[in-house]
Amino acid sequence: KFVRECAKAGVGITVVSDGFDYVIENVLRNAGIDLVFKANHLEHIGGGHWRVTFPNSRSSCISLAGNCKCSFTEPHQKTMKIVVGDGRSDFCVSKHADLVFAKSKLLELCVSTGATHYPFESFFDVTDRLGVWLDDPSIRRPEAAHVSQPTR
């Protein structure tokens, strides 16, 4: 439903995860969802052996994540950035977000820093709140492209 609602509103989705591409690809395929995703690389090389690589790591990553999410959200880009997250790897990228949905460790950070965010328990919560937020005509104005308080 979240993917359908985003498509209906003209909102593109890129999944950026500190998890592994092998798992994400299988989950999306099994759900019948075709999305662009960026993640750490997990490759089965035979028997019980796997190779792990981190193609999107950066030594300057503030979150110390294997997949530096900030590398996909340059602050000068004119696209709207919505973060749905729950952990340490989301800390940095949420600073560049126009809207943050947070739970777990990310929620604790947002609360402690006073960052603008919406708490969530499930993607049903995110889908409902995103629909209300997207219906607000003020967020479509270019000057409102980066109205959220910085987070992370």
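What is the strand order in the open sheet of three strands? I found E1-E2-E3, with mixed pairing. I took helices (H or I, at least four residues) and strands (E, at least two) as DSSP runs, numbered from the N terminus. Two strands pair if DSSP finds at least two bridges between them.

I noted the basis before going on. This is a predicted model, where local features need pLDDT of at least 70, side-chain atom pairs count only at pLDDT 80 or more, and totals for chains, interfaces and linings use all residues. Residues are numbered from 1 along each chain as its sequence is written, and side-chain values use heavy atoms, leaving out hydrogens and water.

**Sheet**

I looked up E2 (residues 36–46) next. E2 pairs with E3 in the antiparallel sense, over five bridges. I picked out Leu-42, whose bridge partner in E3 is Val-52.

Then I checked helix H2 (residues 21–31). H2 packs on the sheet and touches E1, E2 and E3; contact means heavy atoms within 4.5 Å. The direction of H2 makes about 110° with that of E2. Axes are lines fitted to C-alpha atoms, for helices over the stretch in contact, with angles from 0 to 180 degrees between N-to-C directions.

**Whole chain**

I counted five helices and six strands in the protein chain. From the N terminus on, the elements run α-β-α-β-β-β-α-β-α-β-α. Of the contacts with a separation of 6 or more, 41% come from residues 24 or more positions apart.
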